Amino acid sequence: MTDIIKLLPDSVANQIAAGEVIQRPASVIKELVENALDAGADKIDIVVKDAGRTLVSVIDNGCGMSDTDARLCFERHATSKIKTADDLFKLRTMGFRGEALASIAAVAQVELMTKRGTDEIGTKIVIEGSVVKEQTVKPMAKGTHIHVKNLFFNVPARRNFLKSNEVEMRHVVEEFTRIAIINPEVSFTLTSNDKEMFHLYGGTLKQRIVGLFGKEYDGRLLPVGQETNSVAISGFIVKPEFSKKTRGEQYFFANKRFIKHSYLHHAVENAFQELLPKDSFPGYFIDIEVDPKNIDVNIHPTKTEVNFIDVKLVYAILHAAVRKAIGQHNLAPLLDFSVDTDVNAAFDQASMMDKPITQPHIDFNPSYNPFRNATPKSNGENWRILYESHDARVENDENQGENENDNLNTTTSNDQDGLYLQLQQSFIVTAMRSGLMVIDQHLAHERILFDKFLKQIENHNVPSQQELFPHNINLSAGDASLLKEIRPELEQIGFTIEPMGLTTFVVKGTPADLKETDILSVVENILETCKNGAGAKMGKSFSIARSMASQSAVKYGQRLTVAEMRDMVDRLFACPVPETAPNGKRIFTILDVNELKNKLAQS
């Protein structure tokens, strides 16, 4: 038999590596900009066309490369940053494995121009699909220019998996933001389809955050700082009152490299405990500096996941640093160990010595009997009183529409259509032949509205109400890009939203069924549902309908009239799937008569 194991050609191996490192145009930007930073650049210009499908250009003024290095940098595992395995535990640079340029060149048409400051002339290399097409001299200034054209031109299947330009541009902006935040001393520009989106000048971290997220952030940030022998924490948190309904402003960096770490996120979230509004997320921009030997950044191809040797120590220091920042700015109550002067006086030893010590004495009547004059009532009388008071409350409800002193917290009706009872202003109880049905009023209404909104999106049936005073909303760059992406679906359910700039929008119309008046909160909730959870997997229409239904549905604790309860039950069972809410939770349960009989018999 012939041998079956063969070495892959370099071009095929590079394409396989590209599948791990280069997932979309944003991945190209990440790798190229990190190389530019490692080259010492303090000015980096990024240009994209068609969200990076057609062109990604990164131009820097870094140290540049010689003609030999320019040719060698496209070889797999070629790197200037490590020489031995031990160097992996001393890394302070970004790209170091030598796979990025080789992977990019394997799936795109690449043009590289580079020149060192000591050279008289630069080098130009053209490479397509790992094949060098041209290498010539090029007059230019010091630095490196890389143009990546027609990404995945030779891998059609990969190119077909790219999302729409709006989605891919959102990833580009997010990747740009991650890099720009933690390198505030570097000037950046980002241009898309010949339109400049960002022009950031070198400065402080706070100036960079304001430049990326808006001038209003100048008054929203609190500095965070804590330094120990093993860990140094620095950066900013967003004041709790400015927290948002989306996770778009949560940035962790380890040694100036963006990371994702749910355990450390919990440390920050826990530090904000009881300070955040419901369903809001803390905002933070935090860098964690540790000795490179105490962190492993090479556990994921994109290096966004890391391991700390002592992650519990990092957690504790981070939590303490955030709590300290909150406390110093009077955003959380601090323990006051000072003692009031009146308390000191009361326990002054001299004054205590002047007074005679007496045994405490309590006066009481030994002959008192609380039951002496009371006439005991039978259980039958107690039940009669309970039902009489309850009947009075029901009658009062029907006459006045509400009763604030109703301790049972119920609304009932017993008419020709059957019994309807609202329990704790959260559940609807109605009678069936087999027993009692208990319905969650919020989930029931959510299911009704979800089906309605989803149908409106599909049928373009748009009842809308125009706002007397339009609402201006400001979003982060990533959220703004997502809002532009889902605008068509939002307009199909009654929103009228117009962009006023890169990250500013004006809301001129809202759905007729929308009861919520905080439009920014509504929009942020929709964006969060689209970005996360099961809704993101089901598509934009599903996510938008689910978020709108959740926000517009009746809330727990909201009193319903008998007519409203009857209507809600009728509409629920007209839905295709009345059993479960859009989030998968069960809407109702049935208390079977036989089960009740068995329970009563057992008691």
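These legends go with close-up views of a predicted model.

**View 1. Asp 50, a non-glycine residue with a positive phi.** Here we zoom in on the loop that joins strand S1 (43-49) to strand S2 (55-60), which is where Asp 50 sits. Its phi comes out at about 55°, even though Asp 50 is not a glycine. As a general rule, most residues other than glycine have a negative phi. Asp 50 has a relative accessible area of 32%, so it counts as partly exposed.

**View 2. Ser 130, in the loop between strands S4 and S5.** Strand S4 covers 122-128 and strand S5 covers 131-138, with Ser 130 in the loop between them. Ser 130 is another one to check for backbone geometry: its phi is near 70°, a positive value in a residue other than glycine. With a relative accessibility of 26%, Ser 130 falls in the partly exposed class.

**View 3. The largest pocket and what lines it.** This pocket holds about 1,200 Å³ of space. Its lining takes in 43 residues, and those nearest the centre are His 171, Glu 174, Arg 178, Phe 258 and Lys 260. Sorted by class, the lining has 17 polar residues, alongside 13 nonpolar and 13 charged ones. Helix H6 (residues 165-182) gives the most to the lining, putting in six residues.

**View 4. Helices H15 and H17, packed at an angle of about 135°.** H15 spans residues 519-531 and H17 spans residues 540-552. Their axes are 8 Å apart. An angle has to be over 145 degrees to count as roughly antiparallel, so this pair is classed as oblique instead. As for handedness, H15 and H17 make a right-handed crossing.

**View 5. Thr 228 and Ile 317, 89 residues apart along the chain.** On the Thr 228 side, we're looking at the loop between strand S9 (221-227) and strand S10 (231-238). Thr 228 is partly exposed, with a relative accessible area of 31%.

**View 6. Glu 458 and Ser 541, 83 residues apart along the chain.** The C-alpha atoms of this pair are separated by 8.3 Å. Glu 458 belongs to helix H13, which runs over residues 441-459.

How values were computed:
Residues numbered from 1 in each chain as written. Predicted model: local features only at pLDDT ≥ 70, side-chain atom pairs only at ≥ 80, totals over all residues. Heavy atoms only, no water. Helix = DSSP H or I, 4+ residues; strand = E, 2+ residues; numbered from the N terminus. Buried < 20%, exposed > 50% of the residue type's maximum accessible area, 1.4 Å probe, protein only. 1 Å grid on protein atoms, 1.4 Å probe; cavity = no way out; pocket = protein on both sides within 12 Å on 5 of 7 lines; lining within 4 Å. Points joined across faces, edges and corners; volume = space filled by probe spheres on them. Nonpolar A, V, L, I, M, F, W, Y, C, P; charged D, E, K, R; others polar. Axes fitted to C-alpha atoms, helices over the stretch in contact; angles between N-to-C directions. Parallel < 35°, antiparallel > 145°, perpendicular 65-115°, else oblique. Left-handed = near helix turned anticlockwise from the far one by under 90°.
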